[in-house]
Every structure is written in structure tokens, then in C-alpha cells.
Amino acid sequence: MKRGCLGFGGVGPVARAGHPNSQGFKTFVGYLDDPSADDFYPPTLWCNGNQVSLPGNRAGAKTQYAPDVIVAAAQRFIDTEYRRPFFMTVALPMSVTENGVEVPDLSPYADRDWPMGDKVRAAMLTRVDRYLGQIVTQLQQRRILNRTMVILTSDRGPPSAPGGGEDRFLAAGELRGRAGELYEGGIRVPLIVLWPGARRAPAESDVPFGMWDLLPTLRDLTGTLRCPRTLDGVSLAGRLAGSVGDERLSRALLYWEKHRDGLAQAVRVEDWKGVRFGAEGRWELYDLKTDPAESRDVAEFHPDVVRRIDQLARFLQP
């Protein structure tokens, strides 16, 4: 099976183990690190192990928008590989940069009475929606959409409103926190699956799971036989297909930690969620079933749950 990574690699430079070509992807076009992904009109992009010039961006010019180039590469990948099974991931840079987004134009929001940051954000989201439509159309034109699974998701919550102002779009709904934080607004994201060839009716699931659960899920959904024997995740295939699925999902715990601005940890066990800042910081405790916005810290009322979460965090921390 041919595998393609288009857009943002971000896990290692050339000749290192984290480079997409070293992780099973035969085709890679895009950025290799976060700072580069902040430039939407770069002078070069990586194509496998080589940097390829974008002539339209020389000497400060801005005529070749990198996301356009990346999506065009994804369409070419489909054209080349559609006759046999393939896996393709498209990670657009506007989903990872934290230093603002640049778009070629503000349509259709240029005339709105909004701050410039809101116009840019809306135009970016509309552009991403158009990109997804172009990829799906390519699958239709090659007559493989009915036997292709398209997954749309994100690896983090939305960024804060530009300048710390009003969040016009309520990007995280009622949830507390934003990208880079361990409250639900920073880590809870939607996952939407377009699967025209599925034999069962569309299903919804509110069972929480992590990105590490995608590999065993895709293994089961595609009938892949060659797969590592030991996987960290739990398959969600049964849930997506409308059946009961793996009961381990309802009992599985989820763990996060981050180190920017100091250690922060979060643990979710069933409906309980603990968050703390610092290795010896006090645990905040939230009941997500009744308080998904994490507005009421109930740690003092459930010391047994706090002890359990603390033990799990100490066991799971690398």
C-alpha cells in the first residue's frame, strides 16, 4: 500500500527517524517543523528529501500559497495511486500554526464589519472547507469514493481569539480552554467520517477516545492483517459500525501532559477529569457528565477519586 503525507510533517528533519519518509510514507510534500509552517508563502517546500523552490515567492513575492501547493500535491497523489489501495494524510499548516494565519484574500468576508483577525479566520476556514471538497471531488472523479474512508479531525482545540478579544465564532462552544491547554477546549475535538461504502447506517458516538485509538480502529475497519501486535489504542470500529463495540472504551483512561511553561497533566477516568499544574500541584477535579465546561472544581468532595487520579498520573508519566 502506498502512503502519502502532504502538508505538515513536524516530527523530524531529513535523515532522522522522525522524517515522514522514515515512517513509512513514500511521498512527502510540505513542512518539516513548526517555525517553517508559519510562513504561508515560503521560498521552498520539502518534497521527500529535497527542498523544491517556489519561484513565485522569490524576493518577498507572494504568488504561490503553500496550502494550494499542498492540496494540488494531494490531488496528484490520488491520480497516481487510485488504482490500488492507498493511505493519505493531509495536514494543512493553518491547523498547526499559533502565530496567525495568512490568506490570499478575505472573500467572502471582506465587507463584513468585523475585526481583521476575524475576517482572516473565517476566510481560512472557508478555504479549508473548499480544500476538503476538492479532495473528495477528486475521489469521485476517479470513481473510488464509495470504497474510500475520509476522516476529518484535529490534534488540538481552537486558538484563542485574535488579540484576546471576543470569540465571535464560539470555536470551542461552552468548553473551557483553548489550543495548548489541557482543559476540554484544548483537547476535545470532533472526528467526522465520510464513508459512503459503509454497510450500516451512519452512527454517532459520544465515547471519548484518543488519536492513538485510530490505528487499531482503521486496522479493524479495513481488515488489515499486517499490524503491530502491541498497540496502545483501543478499536472504535464497533461503535462506528453501530454495534456495541469494545467495552474497554467505556473503562479506558486517557492521559495528557505538556511541558511548555512548566509541567501540566490531565487524567480522565470515565466521567472524572483531573487537571494539575506542576509535579506536586493540587489536583482540580471535574465531573464532565454534569459539568463539561469544567466550571466547578469538586476535588474537596471526592478525595478518593483525586487519590486514584494522582496514582494513575504518577504511574503513566514517562
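Mentor: Strand β2 is mostly covered, with five of its five residues buried. Buried means under 20% relative accessible area, exposed means over 50%, and partly exposed lies in between, using a 1.4 Å probe and protein chains only. Helices (H or I, at least four residues) and strands (E, at least two) are DSSP runs, numbered from the N terminus.

This is a predicted model, in which local features need pLDDT of at least 70 and side-chain atom pairs count only at pLDDT 80 or more, while totals for chains, interfaces and linings use all residues. Residues are numbered from 1 along each chain as its sequence is written, and side-chain values use heavy atoms, with hydrogens and water left out.

Now the partners of β2. Two strands pair if DSSP finds at least two bridges between them. With β1, strand β2 pairs in the parallel sense over five bridges, and glycine 4 stands opposite threonine 27 in β2. With β3, strand β2 pairs in the antiparallel sense over two bridges. Here valine 29 stands opposite cysteine 47 in β3.

Next, the sheet that holds these strands. Five strands form an open sheet in the order β4-β3-β2-β1-β5, and the pairing is mixed. Its edge strands are β4 (50-53) and β5 (86-91), each of which pairs on one side only. Neighbouring strands of this sheet are turned by 20 degrees against each other on average, direction ignored. For such angles, axes are lines fitted to C-alpha atoms, for helices over the stretch in contact, and angles run from 0 to 180 degrees between N-to-C directions.

One of the residues involved is tryptophan 46, whose bridge partner in β4 is glutamine 51. Helix α2 (residues 66-81) packs on the sheet and touches β1 (2-8), β2 (27-31), β3 and β5. Contact means heavy atoms within 4.5 Å. The direction of α2 makes about 175 degrees with that of β5. In a regular strand the side chains alternate between the two faces of the sheet.

A disulfide is a pair of cysteine sulfur atoms within 2.5 Å, and a search of the whole structure finds zero of them. Cysteine 47 is in no disulfide, since the nearest cysteine sulfur, that of cysteine 5, is 12 Å away. Seen from cysteine 5, the closest cysteine sulfur is that of cysteine 47, and the 12 Å between them is too far for a bond. Cysteine 5 counts as buried because its relative accessibility is 7%. Cysteine 47 counts as partly exposed, because its relative accessibility is 32%.

Four strands form an open sheet in the order β8-β9-β10-β11, with antiparallel pairing. Its edges are β8 (253-258) and β11 (284-287), each with a single partner strand, so one side of each has no neighbour in the sheet. The twist averages 15 degrees from one strand to the next. Strand β10 (residues 272-277) pairs with β11 in the antiparallel sense over four bridges, and tryptophan 272 has aspartate 287 as its bridge partner in β11.
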